[in-house]
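Have the sequence and the 3D view at hand.

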Amino acid sequence: MEGKDKLARFEQTVLPHLDAAYNLARWLTRNQHDAEDMVQEAYLRAFRFFNSFRGVDARSWLLSIVRNCCYSWLQQNRSHELSTMFDEEKHSVNADASNPADLALQSADHEMLVKALDLLPLEFREAVVLRDLEGLSYKQIAEIANIPTGTVMSRLARARERLKRILCDR
Amino acid sequence: MECENAQSLIDGYLDRELDPARSLEVEDHLRACGLCSQSYKDHQGLRDAVKSAEVYFKAPTDLEKRVQRAVRQVAKAEPAPRWRAWSWIRVTAPLAAAALVIITLLPYFGGLSQEELLTRDVVSGHIRSLMADHLVDVASSDRHTVKPWFNGKLDFSPPVVDLVAMGFPLTGGRLDYLNNRPVAALIYQRDKHLINIFVWPSSKTGGTAVTTTARQGYNVLHWTDSGLNYWVVSDLERNQLEKFVELLKAPPSRSP
């Protein structure tokens, strides 16, 4: 792929996923300004490595690059967030069924949900964003986050359980 | 199904990510268990709330322009202008000429022989197969699965013998590339040690005796038999690997 041809193909296949890239970056960095920087950096990286893109799923490919950019950025600027991740195996799901979420959900509005999602640990937040907002399959998420699909499922379970607690406790 | 098990599968069930059999099991459990069925409803409610809350952040309108501008700038700088290409050649041409002289003269001053080159390639192939998470293309301990797998992939059929009773179970087979041609790779195991056998047709019809060498801590044995080249490489101890080769050359007759 040379010069103009590469640029045209890149703009055609990768640029349309700008919203997906921004949404993920916004949820990982939790602010607009940094998210925009991450998206630009990810696109430049994606363009540099575009020759190595062989798949058909340009969105997942781009999202994995966005994720890498965000994680390096978090490591440099907010390393404490990366270390808050607790041992998933040791903490079981512990469903709290005595306190149904129906009521809490009925009164939860848009702003509350954004706040609750922002409170989730990074890995949980990313699983919810990729699944429920981006609509990706467990397999796609597993590839983007470089984890087994079973871990995708357990992260989603814990993420939803946490969300429920946050919304019920408020 | 126990509650604990069901709890860990509820989200997979909710997201329709379970296989049909699992899905049915969870369904049965939810029908019977009030507690689990409540958490299912909760998680469903949360998922739907997140989906419908419009918490998807769309890119700001000017971001597309900004990204496009940045990418185009990089694209413009990418193909090297002519004068730069020339200056690059000016620097590398003498180096290339020197390298050419060395390569041409190397064999006269004790360069690597054909056999040494091949040994190096075989060891590299072995190490690569352990590194790249691509040990086998066909994983099976059954020689009647591994041998036919090569059909249509190679223009010869590598002999595959069953040595499990001797403590060398078959792990599988793989296509590899050696000596400028596709070759069959068979993988056997001895405890935790993996053994790669590379097989391809020889230009000689007869056989040769087994030659043993060691490279980078790996033992390499090779010979020719019935018009086929065999190269065996492993980190297994030398005498054990030699025993393995003996068995390979004259497999014990199988009881019917």
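A helix here is a DSSP run of H or I with at least four residues, and helices are numbered from the N terminus. By that numbering, B:Leu63 is found in helix α4 of chain B. Please keep in mind that the model is a predicted one.

**Chain A at a glance**

Chain A has 10 helices and zero strands. Along the sequence, its pattern reads α-α-α-α-α-α-α-α-α-α. Of its 170 residues, 41% count as buried. If you look at contacts in chain A between residues at least 6 apart in sequence, 70% of them join residues at least 24 apart.

Two packed pairs are worth a look, one in each chain.

| Helix pair | Angle between axes | Axis distance | Crossing |
|---|---|---|---|
| α1(B), residues 3-14, and α3(B), residues 34-52 | about 30° | 10 Å apart | right-handed |
| α2(A), residues 18-29, and α8(A), residues 122-133 | roughly 155° | within 10 Å | right-handed |

For the pair in chain B, the angle between the axes is about 30°. Because angles under 35 degrees count as roughly parallel, α1(B) is roughly parallel to α3(B). On the α1(B) side, the residues that meet α3(B) are B:Cys3, B:Ala6, B:Gln7, B:Ile10, B:Asp11 and B:Leu14. Their partners in α3(B) are B:Leu35, B:Cys36, B:Ser39, B:Tyr40, B:His43, B:Gln44 and B:Arg47. By class, the residues of this contact between α1(B) and α3(B) divide into seven nonpolar, four polar and two charged.

For the pair in chain A, the axes of α2(A) and α8(A) cross at roughly 155°. Since angles over 145 degrees count as roughly antiparallel, α2(A) is roughly antiparallel to α8(A). Here A:Asn23, A:Leu24, A:Trp27 and A:Leu28 in α2(A) meet A:Leu122, A:Arg125, A:Glu126, A:Val129 and A:Leu133 in α8(A). The residues of the contact of α2(A) with α8(A) comprise six nonpolar, one polar and two charged.

**Where the chains meet**

Now turn to the contact between the chains: 38 residues of chain B are in contact with 40 residues of chain A. On the side of chain B that touches chain A, α1, α3 and α4 (61-77) each supply at least two residues. The most come from α3(B), with 11 residues. That side of chain B has 18 nonpolar, eight polar and 12 charged residues.

Leaving aside residues up to four places away in sequence, B:Leu63 touches A:Leu18, A:Tyr22, A:Glu36 and A:Val39.

**The nonpolar cores**

A:Val39 turns up again in the largest nonpolar core, which has 64 residues. The residues with the most contacts inside this core are A:Ala21, A:Ala25, A:Val39, A:Ala42 and A:Val66. Which residues does A:Ala25 touch, not counting those up to four places away in sequence? They are A:Ala35, A:Met38, A:Val39, A:Val66 and A:Cys70. A second, separate core of 28 residues includes B:Tyr188, B:Leu236, B:Leu241 and B:Leu248.

Definitions and conventions:
Residues are numbered from 1 along each chain as its sequence is written. Chains are lettered from A and ligands numbered from 1 in the order in which they are written. This is a predicted model: local features need pLDDT of at least 70, side-chain atom pairs count only at pLDDT 80 or more; totals for chains, interfaces and linings use all residues. A nonpolar core is a set of buried Ala, Val, Leu, Ile, Met, Phe, Trp, Tyr and Cys residues joined through C-beta atoms within 7 Å. A residue is buried if 20 or more other C-beta atoms lie within 10 Å of its own, exposed if 12 or fewer, and partly exposed in between; C-beta atoms are placed from the backbone. Two residues are in contact if their C-beta atoms, placed from the backbone, lie within 7 Å. Axes are lines fitted to C-alpha atoms, for helices over the stretch in contact, and angles run from 0 to 180 degrees between N-to-C directions. Angles under 35 degrees count as roughly parallel, over 145 as roughly antiparallel, 65 to 115 as roughly perpendicular and the rest as oblique. A crossing is left-handed if the near helix is turned anticlockwise from the far one by less than a right angle, and right-handed if clockwise. Ala, Val, Leu, Ile, Met, Phe, Trp, Tyr, Cys and Pro count as nonpolar, Asp, Glu, Lys and Arg as charged, and the others, Gly among them, as polar.
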